[in-house]
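Let's take a walk through a protein together. Have the sequence and the 3D view ready, and look up each residue as we get to it.

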Amino acid sequence: DDETIVVIPGDGIGQEVVPAAVEVLESLDAGFDLVTYEAGDHVAAERGTPLPAETRAAVETADATLFGAAGESAADVILPLRRAVDSFVNVRPARAYPGVDALRPETDLVFLRENTEGVYAGLGRRLTDDVATGTRLTTRSASERLAEFACRYLADAAADSFTVVHKANVMGETDGLFRESVFDVAADHGVEPDEALMDAFATRVCLDPTQFDIVVCPNLAGDVLSDLAAGLVGGLGLLPSANLGPERGLFEPVHGTAPDIAGQGLSNPSATILSAAMLLEFLGYDEDARAVRRAVESVLESGPRTPDLGSDATTSDVTATIIERMSTD
Ligand code: NAI
Ligand code: MG
């Protein structure tokens, strides 16, 4: 085994939480190489671009990438990086952990978000000083690729169905095609999905998240609704994600650079360490992934905890305790 994992801390708390996850990965006796590259606001001025060519090239050939967050340049960094791994799905688990004060402690959801199109396809235009337009792109092929993934995912998750979230009653052309494509693929697999309109979903998931399990949705809905779910489980410091392509993956916390707390060493590393666990699983290191996850869960339950979870531990206290638990477990 000599997989290459590219590591890109980025800006703000990316510089705290990614090194924390790297410490966790380095504490494992696994056969991969970690190579660090730069991207984000802090390189933009000096390099003339927030995403230097060598960073993009490294991601295109690495087995997997661990990314932190980029600040103002987020769209110019993360969208090209998702394309660099040909990612068609963003997997975003949102679950509440024992010991963490959550609005809805019964929450256990996984969002499977379309990752290439919708209003994030980059087809916006400023026509005049007064008028701007954007084109919402939906293709049958991208919708089917997502649905194929969702059907395979059901088997791994020991679930028998998923919920398709859309707004096809208003966006009849785009979400209509999305809905139709997902239902067609599901039928081929003998799966009968539930469905919910995305506005109604937002209310229903707050009132009773146990109505849902696996949620399949277009790009923007997945972005917004997974942040909403973060609110149900105790905050953005807990949500990992995986951008998966046919051969490669890019793993990142759902949160951004958290400029309000950056530089103090008080950010919660859990989301990024859990993203590293998803990366380990993707590379086939299932036992290591489980060990990391169990240690994070154990520390969330017993502490130490960072200020976003109502306590006063530092990023390094939490990380050191996670590593300790991994070796004693
Ligand atoms: P944010 O996720 O950075 O922060 C939202 C709130 O959550 C803040 O109060 C922050 O302190 C808190 N928070 C987030 N992660 C945390 C952690 N690990 N531990 C403790 N508290 C945490 O979102 P915001 O403020 O909307 O954006 C800040 C910057 O991040 C912007 O420049 C935005 O463009 C960028 N961003 C980048 C993303 C990416 O690179 N994928 C994703 C989202 C935002
Ligand atoms: Mg987001």
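## Ground rules and salt bridges

A salt bridge is a side-chain nitrogen of Lys or Arg within 4 Å of a carboxyl oxygen of Asp or Glu. Searching the whole structure turns up 15 salt bridges. The idea behind them is simple: side chains of opposite charge can pair when their charged atoms come close.

Before we go on, some housekeeping. This is a predicted model, where local features need pLDDT of at least 70 and side-chain atom pairs count only at pLDDT 80 or more, while totals for chains, interfaces and linings use all residues. Residues are numbered from 1 along each chain as its sequence is written, chains are lettered from A and ligands numbered from 1 in the order in which they are written, and side-chain values use heavy atoms, with hydrogens and water left out.

## A trio around Asp223

Which residues are linked in a network of salt bridges? They are Arg92, Arg113 and Asp223. Asp223 meets Arg92 in a salt bridge at 3.7 Å, N to O. Arg92 sits in strand β4 (residues 89-95) and Asp223 in helix α8, so this pair ties together parts that are 131 residues apart in sequence. (Helices, H or I with at least four residues, and strands, E with at least two, are DSSP runs numbered from the N terminus.)

Asp223 also forms a salt bridge with Arg113, at 3.9 Å, N to O. Arg113 belongs to strand β5 (residues 108-114), so here the tied parts are 110 residues apart in sequence. Asp223, with a relative accessible area of 22%, is partly exposed. (Buried means under 20% relative accessible area, exposed over 50%, and partly exposed in between, with a 1.4 Å probe and protein chains only.)

## Glu252 and its partners

Now find Glu252. The side chains of Glu252 and Arg82 meet in a salt bridge (2.8 Å, N to O). Glu252 lies in strand β12 (residues 249-253) and Arg82 in helix α4 (residues 74-84), so the pair ties together parts that are 170 residues apart in sequence. Glu252 is buried, with a relative accessible area of 5%, and Arg82 is buried too, at 7% relative accessibility.

Glu252 has another side-chain partner: a polar contact of 3.0 Å joins Glu252 and Asn243. (A polar contact is a pair of N or O atoms within 3.5 Å; within protein, one must be able to donate a hydrogen and the other to accept it, and residues adjacent in sequence count only if both atoms are side-chain atoms.)

## Around ligand 1

Glu252 turns up again at the ligand: one of its polar side-chain atoms lies 3.4 Å from a nitrogen atom of ligand 1. Polar backbone atoms take part as well, with one from Gly71 at 2.9 Å from an oxygen atom of ligand 1 and one from Ala258 at 2.7 Å from an oxygen atom of ligand 1. Taken alone, ligand 1 exposes 800 Å², and the protein buries 68% of that. (Accessible areas come from the Shrake-Rupley method with a 1.4 Å probe; for residues, only the protein chains shown count as cover.)

How many residues are around ligand 1? There are 20, and Ala70, Gly256, Ala258, Asp260 and Asn268 come nearest. (A residue is near a molecule or strand if one of its heavy atoms lies within 4 Å of it.)

Most residues other than glycine have a negative phi, and most peptide bonds are trans.

Ala158 is in the loop between α5 (140-156) and β8 (163-166), and at 73% relative accessibility it counts as exposed. Finally, the peptide bond from Gly303 to Pro304 is cis, with omega near 0°. Look for Pro304 in the loop between α10 and α11 (315-328).
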